[in-house]
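Please look at the sequence and the model first, and then we can go through them together.

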Amino acid sequence: MTTAPQRNQFEQPIGRSIEGWQPCALPPHTAMTGSHCRVEPIDPAKHAKDLFEGNRIAAAGERFTYLATEAFEDIDSYRTWLESMRGPDPMLHAIIDLASGKAVGIAAFMRIDTTHGVIEIGNINYTPALSQTVAGTEAMYLMMKRAFDELNYRRYEWKCDDQNAPSRAAATRYGFVYEGTFRQHMVYKGRNRDTAWFSITDLEWPLVRAAFEAWLAPENFDANGKQVKSLQNLRKELATA
């Protein structure tokens, strides 16, 4: 059902009123803990070794193709880069696998606009140990939950190189809405980047959250650890319930 737009005293259509809006706070430097992973602010002294070794297991640098940096040749240069990403913006986080206790991926809150309640998730780099795991999905849920439920952000963004098909697919799976592609948005690594933009708004978040929680529930996995229902199907079911 489409709601008629509000109108001002000149009978011009205007956006909906936001009662009592207050700017958001920056994300705190505290951990977010789920059933499978813990997401905590990056600490190079604590996390660099696990992350560097985890990335070296993958093929030569292929996981860095669409990131701002190339694969790091040595741990010292990687540790220096991690130091530069400690916040307040970008605020990089390590994703810790609770079963092994190791850091197996990173993701950052970035381009944080506290005035308007907009925050982006980016610099995502999962090692092979985290890719296509329940913990990898749970990490994204925990970071969204912080942004929306703890900090009251209104808009949560995902941006990627338009050629990065896995990232586009991940955004869609997690519940982001594709908004369009910004052509010739930037130059990086000596090449053009058209940037695909996705977002989740606070109005969409309750359905997205409910689908994440239904997907993460133990009963959504069989004895072999295979999902019973996908995130996309759960969102569809919940939307029509």
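Predicted model: local features only at pLDDT ≥ 70, side-chain atom pairs only at ≥ 80, totals over all residues.

Residues are numbered from 1 along each chain as its sequence is written, and side-chain values use heavy atoms, with hydrogens and water left out.

Let me start with the sheet. Helices and strands here are DSSP runs numbered from the N terminus, a helix being H or I over at least four residues and a strand being E over at least two, and two strands count as paired if DSSP finds at least two bridges between them. On that basis, eight strands form an open sheet with mixed pairing, in the order 3-4-5-6-7-8-10-9. Strand 3, residues 32-33, and strand 9 stand at the edges with a single partner strand each, so one side of each is left without a neighbour in the sheet.

At the end of that order, strand 10, which covers residues 191-201, pairs with strand 8 in the antiparallel sense over seven bridges, and strand 10 also runs antiparallel to strand 9, to which eight bridges join it. Which residue of strand 10 is the bridge partner of Lys159? It is Trp197, and Trp197 is also the bridge partner of Gly180.

Strand 9 and strand 10 form a hairpin with two residues between them. Lys189, in the loop between these strands, has a positive phi of about 55 degrees although it is not a glycine.

Other backbone details are found elsewhere in the loops. Asn152, in the loop between helix 3 and strand 8, has a positive phi of about 65 degrees and is likewise not a glycine. In the loop between helix 2 and strand 5, where Pro88 is found, a cis peptide bond joins Gly87 and Pro88, with omega about 10 degrees. Pro90 has its place in that loop too, and the peptide bond from Asp89 to Pro90 is cis, with omega near 5 degrees.

Turning to helix 6, residues 231-240, we find Leu231, Leu234 and Arg235 buried. Seen down the helix axis, the buried residues fall within an arc of 100 degrees, taken from the directions from the axis to the C-beta atoms, so they line one face of the helix. These buried residues pack against helix 3, helix 4 and helix 5, with contact meaning heavy atoms within 4.5 Å. The face turned away from the buried side carries the exposed residues Lys236 and Thr240.

On a 1 Å grid over the protein atoms alone, a cavity is a set of points where a 1.4 Å probe fits but cannot get out, whereas a pocket is an open set with protein on both sides within 12 Å along at least five of seven lines; lining residues have an atom within 4 Å of a point. Grid points are joined across faces, edges and corners, and a volume is the space filled by probe spheres set on the points.

The largest pocket has a volume of about 1100 Å³. Of its 37 lining residues, the closest to the centre are Ile124, Trp158, Asn164, Pro166 and Ser167. Strand 7 gives the most to this lining, with seven residues.

About 200 Å³ lies in the second largest pocket. Among its 13 lining residues, Asn55, Arg56, Gly61, Ala71 and Phe72 are the closest to its centre, and helix 1, residues 44-56, supplies the largest share of the lining, four residues.

How many cavities of 30 Å³ or more does a search of the whole structure find? It finds one, and the largest cavity has a volume of about 70 Å³. Its lining includes Phe64, Phe72, Trp81 and Asn123, and helix 2 and strand 7 each supply at least two of the lining residues.

How values were computed
Buried < 20%, exposed > 50% of the residue type's maximum accessible area, 1.4 Å probe, protein only.
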